[in-house]
Amino acid sequence: MLLTTMKHLRLDKRGISDVIVVMLSLVIVVIIVSNVILWSYQMNQFDWERMQENVEIVGIVSVANGTTFTFQNKGSVTVQLVSLWIDSSTIHQRYDMDLYINAGDTVNYTRDDISFVDNASIVKVTTERGNISVFTPSLQNP
Amino acid sequence: MDKRGISAVLSSLLLTVVAVAAMAIATSATYVITTNLRENMSERVIVEDVWFNNFTQNIDVYVRNVGEVEIYISAVYVNHTSESFNSPLSLEIGASQWLNISVNWVPSSLYYIDILTTRGTHVADYYEAP
């Protein structure tokens, strides 16, 4: 009985094209959906890491050969600082930087091209993921 | 010459061409749609600094692309009014640049600056002039 049924199925070719079309469509749909899920996951991961960032400027000291900035990473992920801003009433100056700080670390960073940070200035650092930390010297040193 | 069976060959050939063309169109459409979707999802732009410039009387905004796709700034609104800027302005991945908005600002006033990309991403916030 089983053998007869199998023989019938082998010889009967009707409906095969339908099966192929459905399988191809399924493959395309699976590829599209998996790609969308993958992209969504990647950007969610990016946003989650960005939310975990917490870097602070804890001190600014003028030294003989420039200015030393002290940064503390209070977050749970490694941060990369990419820009340093010194904003005053007359000019907003951006300095390129490339500094990695591990989670929980405190790092001193000396710039010899910044000789003086006015008390009226605002100092900011921006991370590679897009977070900004602001430091106001006048509020720290009244 | 034996011409029997030619119509069957032609019809099979035509069917194959139609099927291949249909699949090519479907694949292209899928690629275009998913690419747009991916680019929309991957756009991230931040405002690093806003400078109410005393010398030029412009509002200068420093923008940076922190997403995974190149962005194009299409419009800038200040207090919901479209203002001219240094267009065309495009930012590659990780790039940053000043965006100079031509608007005469008034000291101690509050400004709502809205930056719009061609894909529809908004970066908007309130900033107070010094």
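From H2(A), the contact (C-beta atoms, placed from the backbone, within 7 Å) draws on Ile28(A), Ile32(A), Asn35(A), Val36(A), Trp39(A), Ser40(A) and Met43(A). H1(B) supplies Thr30(B), Thr34(B), Leu37(B), Arg38(B), Met41(B) and Ser42(B). These residues divide into 7 nonpolar, 5 polar and 1 charged. Ala, Val, Leu, Ile, Met, Phe, Trp, Tyr, Cys and Pro count as nonpolar, Asp, Glu, Lys and Arg as charged, and the others, Gly among them, as polar.

The model is predicted: local features need pLDDT of at least 70, side-chain atom pairs count only at pLDDT 80 or more, and totals for chains, interfaces and linings use all residues. Residues are numbered from 1 along each chain as its sequence is written, with chains lettered from A and ligands numbered from 1 in the order in which they are written.

Chain A gives 17 residues to the contact between the chains and chain B gives 14 residues. On the chain A side, H2, strand E3 (79-87) and strand E4 (92-101) each give two or more residues. Helices (H or I, at least four residues) and strands (E, at least two) are DSSP runs, numbered from the N terminus. H2(A) gives the most, with 7 residues. The chain A side divides into 7 nonpolar, 7 polar and 3 charged residues.

How values were computed: Contact = placed C-beta atoms within 7 Å.
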